[in-house]
Amino acid sequence: TSFSAKEWISLGELLPAPGFANEKQYLYLARDLEPREGELDEDEIIEVVRMSQAEVLELVKNGSFLDGKSLSILLRAITQGFISI
């Protein structure tokens with residue numbers, strides 16, 4: 001994303017496909033972001049889109065926000081008190 005974070009907070013783990021795969025994903029909240037120089041992998045395409053909390057929650061509400069791991073991170077951040085709704 002070409003950002004670095006001064007603080008990383010663990011939000012726990014996620015099993016994206018239990019019973020099918022043994023993959024485990026680790027969830028983090030990154031704080032105090034700063035832009036930095038970086039190189040992407042040649043097949044990596046990242047577009048950073050800044051949104052307000054209200055915009056993100058509206059996307060969740062209307063069904064446009066579909067990425068499961070991102071929804072899990074959002075729910076963890078809410079339930080752990082990092083985001084209030």
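Q: Which six residues form the largest nonpolar core?
A: The structure is a predicted model, in which local features need pLDDT of at least 70, side-chain atom pairs count only at pLDDT 80 or more, and totals for chains, interfaces and linings use all residues. Residues are numbered from 1 along each chain as its sequence is written, and side-chain values use heavy atoms, with hydrogens and water left out. A nonpolar core is a set of buried Ala, Val, Leu, Ile, Met, Phe, Trp, Tyr and Cys residues joined through side-chain atoms within 4.5 Å, where buried means under 20% relative accessible area, exposed over 50%, and partly exposed in between (1.4 Å probe, protein chains only). The largest such core consists of I9, L11, L14, L27, L29 and A77.

Q: Which element gives the most residues to this core?
A: Elements are DSSP runs numbered from the N terminus: helices (H or I) have at least four residues and strands (E) at least two. Two or more core residues come from each of strand 1 (3–14) and strand 2 (25–35). With three residues, the element that gives the most is strand 1.

Q: What pattern does the protein follow along the sequence?
A: The protein contains two helices and two strands. Read along the sequence, these elements follow the pattern β-β-α-α.

Q: Is L27 buried or exposed?
A: L27 is placed in strand 2 and is one of the residues of the largest nonpolar core. Its relative accessibility is 3%, and therefore L27 counts as buried.

Q: With which residues is L27 in contact, leaving aside its neighbours within four places in sequence?
A: Contact means heavy atoms within 4.5 Å. D67 lies 40 residues from L27 along the chain, and the C-alpha atoms of the two are separated by 14 Å. Leaving aside neighbours within four places in sequence, the contacts of L27 are I9, S10, L11, G12, E13, L14, I73 and R76.

Q: With which residues is I9 in contact, leaving aside its neighbours within four places in sequence?
A: I9 is another of the residues in the largest nonpolar core. When neighbours within four places in sequence are left aside, I9 is in contact with L27, Y28, L29, R31 and F82.

Q: Which residues does A30 contact, leaving aside its neighbours within four places in sequence?
A: A30 is found in strand 2 and is partly exposed, because its relative accessible area is 27%. I46 is 16 residues from A30 in sequence, and their C-alpha atoms are 17 Å apart in space. Leaving aside neighbours within four places, A30 is in contact with A5, E7 and W8.

Q: How does the exposure class of K6 read: buried, partly exposed or exposed?
A: E34, with 37% relative accessibility, counts as partly exposed. K6 has 61% relative accessibility and therefore counts as exposed.

Q: Where does K24 lie?
A: The side chains of E13 and K24 meet in a salt bridge of 3.4 Å, N to O. The pair ties together parts that are eleven residues apart in sequence, because E13 lies in strand 1 and K24 in the loop between strand 1 and strand 2.

Q: How far apart are the closest N and O atoms in the salt bridge of K69 with D67?
A: The structure holds three salt bridges. K69 is partly exposed at a relative accessible area of 41%, and D67 is partly exposed at 31%. In the salt bridge of K69 with D67, the separation of the closest N and O atoms is 3.1 Å.

Q: What percentage of the residues of the protein count as buried?
A: The C-alpha atoms fill a box of roughly 35 × 35 × 25 Å, taken along the principal axes. Of the 85 residues of the protein, the share that counts as buried is 12%.

Note on methods. Salt bridge = Lys/Arg side-chain N within 4 Å of Asp/Glu carboxyl O.
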